[in-house]
Amino acid sequence: MAGKRSILDRYTSSQKYIVSRGKALTFPSEPFKKNFAKDEVYGAVVDIPMSPTVLASLVCFANGAANLYFNLGGEYVNAAGRYRGVAQASYDFIKNASGCLEGCEKTTKFDMPTAGKNFVYLLTKGGVYKTVITPNAIPTEAENKKRLHYYYQRVMAELRTAQLKDQAAGISDGYISVK
């Protein structure tokens, strides 16, 4: 089903989102002060459609950082610094992602998904690798895709728990901040 996408399939995106997502997709490994192997994952960007108009990009790195950016400009950042569960889930996701490179294809194009598909970009010193995961078809997906899905959904669950804790502590109103 390769063909041109309609302009109607695309998400409206703020400049802030485009810049944040672009920086994440091109973030180098050097700041982590670890000598990563060429095929070792040090970061990931997972584009997750949330509704016909909302796209979330989950960004995770080897140091446990996990942030959410939304196409309309909202974000939920720095939760890993406040909540160990977020940092651990993000760390586990990245640590286990290296074993899931098989079946991914190297890419230099970073398009956004259409409804029903998650685009997973894995960052390595050897380049960026992409795979497409269809959450509604997880039972029929390859094992590496099932594993990736499990780990990034775990990060999403920890971020949601962190958001609720922030709301209860009065750190936020429970909504994603738009700055």
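## Basis

The model is predicted: local features need pLDDT of at least 70, side-chain atom pairs count only at pLDDT 80 or more, and totals for chains, interfaces and linings use all residues. Residues are numbered from 1 along each chain as its sequence is written, and side-chain values use heavy atoms, with hydrogens and water left out.

Helices (H or I, at least four residues) and strands (E, at least two) are DSSP runs, numbered from the N terminus. Buried means under 20% relative accessible area, exposed over 50%, and partly exposed in between, with a 1.4 Å probe and protein chains only.

## Strand 6

Strand 6 covers residues 118–124. Seven of its seven residues are buried, so the strand is largely enclosed by the rest of the structure. N118, V120, L122 and T124 point one way. F119, Y121 and L123 point the other way. In a regular strand the side chains alternate between the two faces of the sheet.

Two strands pair if DSSP finds at least two bridges between them. Which strands pair with strand 6? One is strand 1 (residues 43–49), antiparallel to strand 6 over five bridges. Another is strand 7 (residues 127–133), also antiparallel, joined to strand 6 by seven bridges. F119 takes part in both pairings: D47 is bridged to F119, and F119 has V132 as its partner in strand 7.

## Strand 7

Strands 6 and 7 form a hairpin, with two residues between them.

Helix 4 runs over residues 143–168. How does its span compare with expectation? The expected span is 1.5 Å times one less than the number of residues. For the 26 residues of helix 4 that gives 38 Å, and the end C-alpha atoms are 38 Å apart, which agrees. Buried residues in helix 4 include L148, H149, Y151, Y152, V155, M156 and L159. An α-helix has 3.6 residues a turn, so residues three or four places apart point the same way. E143 is in helix 4 and is exposed, at 53% relative accessible area. After helix 4 comes G170, with a positive phi near 80°.

Helix 3 (residues 84–97) packs its axis within 8 Å of the helix 4 axis, and the two cross at roughly 165°. Axes here are lines fitted to C-alpha atoms, for helices over the stretch in contact, and angles run from 0 to 180 degrees between N-to-C directions. That makes helix 3 roughly antiparallel to helix 4 (under 35 degrees is roughly parallel, over 145 roughly antiparallel, 65 to 115 roughly perpendicular, the rest oblique). The crossing is left-handed: the near helix is turned anticlockwise from the far one by less than a right angle, whereas clockwise would be right-handed.

## Cysteines

How many disulfides does the structure hold? A search of the whole structure finds zero. The cut-off is a pair of cysteine sulfur atoms within 2.5 Å. For C60, the closest cysteine sulfur is that of C100, 14 Å away and therefore too far for a bond. C100 is in no disulfide either; its nearest cysteine sulfur, in C104, is 7.3 Å away.

C60 is buried, at 0% relative accessible area. C100 is buried too, at 1% relative accessibility.

Most residues other than glycine have a negative phi, and most peptide bonds are trans. K33 has a positive phi of about 50° although it is not a glycine. K33 lies in the loop between helix 1 (15–25) and strand 1. Is K33 buried or exposed? K33 is exposed, with a relative accessible area of 79%.

N78 is not a glycine but has a positive phi of about 70°. N78 sits in the loop between strand 4 (74–76) and helix 2 (79–82). N78 is exposed, with a relative accessible area of 52%.
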